[in-house]
Amino acid sequence: GSEMEDVTDILRRKGWLKDLSSFQWLAKKKNYPSHVHPGKYTIKDGMSNNALINRLRSGSQEPVDLIFNNIRTTQDLAGVVSQQIEADSSAIVSLLKDEEFLRQFGMDPQTAPAMFLPNTYELWWNTTASEFISRMHREYERFWTEARRNQAGQIDLNPVEVTTLASIVDEETIHNDEMPEIAGVYINRLERGMRLQADPTIKFAIGDFTVNRVLKKHLEIDSPYNTYKNAGLPPGPISIPSIAAIKAVLNYSNHDYLYFVAKPDFSGYHNFSKTHYQHIVNARKYQRALNRKNILK
């Protein structure tokens, strides 16, 4: 939406124009006011007015390396993305809540986070909100090769369900090397018809991931994301999981563990167990460690 005067003002405020009047004179001579193109442009030291105007009026912009990772919510995603391209954060959030818009991708507001794979992507700065989401869906389709879809099928899950489980696994551990083992626990529970009883889904349901200690009162929340009350997977991802977590689910560890709890040394690793009795023993060790540190919530 910028006109030549807006561009000139940006250049002037940044200190990139030695002679404002000569730039304006030449820009009008070269009919730049009719050829203002949005985008990201590289301006080099020593450029003449002629070279600078030619660059701007040509529309030959530089691509942007858009990066996002460690994202929990679509609101967080929109905020990070809008700082790197022209798309407005509110426009992105609005489209990710728009059931009709998402239907073209086979998604809905609950499953839409599955489309976004944390990585670095080359885009034009003037990419719109809808173009951004469409591009992410193409990357999603590219990632979910036939081989990966077959892996998902072997555990009776589709790509969205794998991503949903991966979002839980990603929240359970800070260690990538432990992810396949945790994924294996949840796969075992799903296969046995057990409830997942995943604390991260409770934190999502109450809207507070800062909770260090999930209490009984939290487990009573009425939400489809409460995996203590509801069987199976929640309606969609509780975060935008890392690619490492998705691969961990597809390549989960084949074992007999049904339970795990954080180690009392606060290393971020977990103790795994096959029986509920052993799990209670491990859990009490961790609870005592929390008490010693006076971590009550």
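Predicted model: local features only at pLDDT ≥ 70, side-chain atom pairs only at ≥ 80, totals over all residues.
Q: Why is Thr 127 called buried?
A: The relative accessibility of Thr 127 is 9%, and buried means under 20%. Thr 127 therefore counts as buried. The residue sits in the loop between strand S2 (119–123) and helix H7 (129–143).

Q: What does Thr 127 touch, not counting residues up to four places away in sequence?
A: Thr 127 touches Ile 85, Glu 86, Ala 87 and Phe 132.

Q: How far from the side chain of Thr 127 is the backbone oxygen of Trp 124?
A: That oxygen lies 2.6 Å from a polar atom of the Thr 127 side chain. The limit for a polar contact is 3.5 Å, and 2.6 Å is the distance here.

Q: Why is Ser 82 not classed with the buried residues, and what is it called instead?
A: Its relative accessibility is 25%. Buried requires under 20% and exposed over 50%, with partly exposed in between, so Ser 82 is partly exposed. The residue belongs to helix H4 (residues 74–82). A polar atom of its side chain lies 3.1 Å from the backbone oxygen of Gly 79. Beyond its neighbours within four places in sequence, Ser 82 is in contact with Ala 87, Asp 88 and Ser 89.

Q: How do you know which face of H4 is lined by its buried residues?
A: The residues concerned are Thr 74, Leu 77, Ala 78 and Val 81. Viewed down the helix axis, they fall within an arc of 100°, so they line one face of H4. What they pack against is strand S1 (64–68), helix H5 (89–96) and H7.

Q: Which residues touch the most other members of the largest nonpolar core?
A: The core has 59 residues, and those with the most contacts to other members are Phe 116, Phe 132, Ile 133 and Tyr 186. A separate second core has 12 residues, including Met 4, Leu 11, Phe 23 and Ala 27. Phe 116 is in contact with Phe 68, Leu 77, Leu 96, Phe 132, Ile 133, Met 136 and Ile 240, leaving aside neighbours within four places in sequence.

Q: How many aromatic pairs does a search of the whole structure find?
A: There are 9.

Q: What makes the pair of Tyr 186 and Phe 260 edge-to-face?
A: The ring centres are 5.7 Å apart and the planes stand at 85°. Pairing needs centres within 6.5 Å, and planes over 60 degrees apart count as edge-to-face, so the pair takes that name. The two residues are 74 apart in the chain, with Tyr 186 in helix H10 (residues 179–192) and Phe 260 in strand S3 (residues 259–262). Both Tyr 186 and Phe 260 are buried.

Q: Why is the pair of Tyr 257 and Phe 272 called tilted?
A: Its planes are 35° apart, with 5.6 Å from centre to centre. Tyr 257 is in the loop between helix H13 (243–250) and S3, whereas Phe 272 is in strand S4 (residues 270–273), so the pair ties together parts 15 residues apart in sequence. Tyr 186, Tyr 257, Phe 260 and Phe 272 make up one aromatic cluster.

Q: Buried or partly exposed: which applies to Tyr 257, and which to Phe 272?
A: Tyr 257 has a relative accessible area of 25% and is partly exposed. Phe 272, at 14%, is buried, because the limit for buried is under 20%.

Q: How do you know that H13 is largely enclosed?
A: Of its 8 residues, 6 are buried, so the rest of the structure largely encloses H13. The buried ones are Ile 243, Ala 245, Ile 246, Ala 248, Val 249 and Leu 250. They pack against S2, H7, helix H8 (146–154), helix H9 (159–172) and H10.

Q: Why does His 279 count as buried?
A: With 16% relative accessibility, His 279 falls under the 20% limit and so counts as buried. It lies in helix H14 (residues 276–292).

How values were computed:
Residues numbered from 1 in each chain as written. Heavy atoms only, no water. Core = buried A, V, L, I, M, F, W, Y, C linked by side-chain atoms within 4.5 Å. Buried < 20%, exposed > 50% of the residue type's maximum accessible area, 1.4 Å probe, protein only. Contact = heavy atoms within 4.5 Å. Helix = DSSP H or I, 4+ residues; strand = E, 2+ residues; numbered from the N terminus. Polar contact = N/O pair within 3.5 Å; in protein donor to acceptor, adjacent residues only side chain to side chain. Arc of directions from axis to C-beta. Phe/Tyr/Trp six-rings, centres within 6.5 Å; stacked < 30°, edge-to-face > 60°.
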